[in-house]
Amino acid sequence: MHRRVLPERLQRTLELVTGAVHGNVVSLLSGDVMRAARLGIPHLQARDLVHLATMERLGISAIISTDMGFDRVPGIRRLDPRLLGAWRDEVFAVR
C-alpha cells in the first residue's frame, strides 16, 4: 500500500474508522508532541512517535497500523489491518 492516498479514499477510510470506534476520537495535545520528542525511538518517524505519546497518555497499548516499526516497541501491540478478521471482534465488540 502506498503512503499517498487519493483524497476520496482517505475520507472514506476515516469515516469507516470513526464509525467503528463509535466517534471516540481524541485530540492531540501539545504535551503529546513534547513527549514524542523525548521518546527517543530511532526507528520510528515523528508522526509515529506522536501516536505513541498520545497512546501513552490515554493508556492505549494497541494500534491499528501496517507500519511494522511498531512491532519493535515494547508494550505495544500492532494490529495489522490486512488481518482484520483475526482481531476485529476483540477490538470492535459492542460494550
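Which residues does Arg77 touch, not counting residues up to four places away in sequence? The views below get to that, starting with the whole chain. This is a predicted model, where local features need pLDDT of at least 70, side-chain atom pairs count only at pLDDT 80 or more, and totals for chains, interfaces and linings use all residues. Residues are numbered from 1 along each chain as its sequence is written, and side-chain values use heavy atoms, with hydrogens and water left out.

**View 1. The overall layout is four helices and two strands.** Helices (H or I, at least four residues) and strands (E, at least two) are DSSP runs, numbered from the N terminus. The protein has 95 residues, and 24% of them count as buried (under 20% relative accessible area; exposed is over 50%, partly exposed in between; 1.4 Å probe, protein chains only).

**View 2. Here is Arg77, which sits in strand S2.** To settle the opening question, Arg77 touches Ser61, Ala62, Ile63, Trp87 and Glu90 (contact means heavy atoms within 4.5 Å), leaving out residues up to four places away in sequence. With Glu90, the side chains are also joined by a polar contact of 2.7 Å. That term means a pair of N or O atoms within 3.5 Å; within protein, one must be able to donate a hydrogen and the other to accept it, and residues adjacent in sequence count only if both atoms are side-chain atoms. Arg77 counts as partly exposed because its relative accessibility is 39%.

**View 3. Ser65 is in the loop between strand S1 (62-64) and strand S2 (77-79).** Why is Ser65 called buried? Ser65 is buried because its relative accessible area is 13%. Leaving aside neighbours within four places in sequence, Ser65 is in contact with Phe70, Arg78, Leu79, Asp80 and Pro81. From Arg77, Ser65 is twelve residues away in sequence and 9.9 Å away in space, C-alpha to C-alpha.

**View 4. Now for the largest nonpolar core, with 13 residues.** Such a core is a set of buried Ala, Val, Leu, Ile, Met, Phe, Trp, Tyr and Cys residues joined through side-chain atoms within 4.5 Å. Leu39, Ile41, Leu44, Leu49, Leu52, Val73 and Ile76 touch the most other members. H2 and helix H3 (46-58) each give two or more residues to this core, and H3 supplies the largest share, five residues. Take Leu49: not counting residues up to four places away in sequence, Leu49 touches Ala36, Leu39, Ile41 and Leu44.
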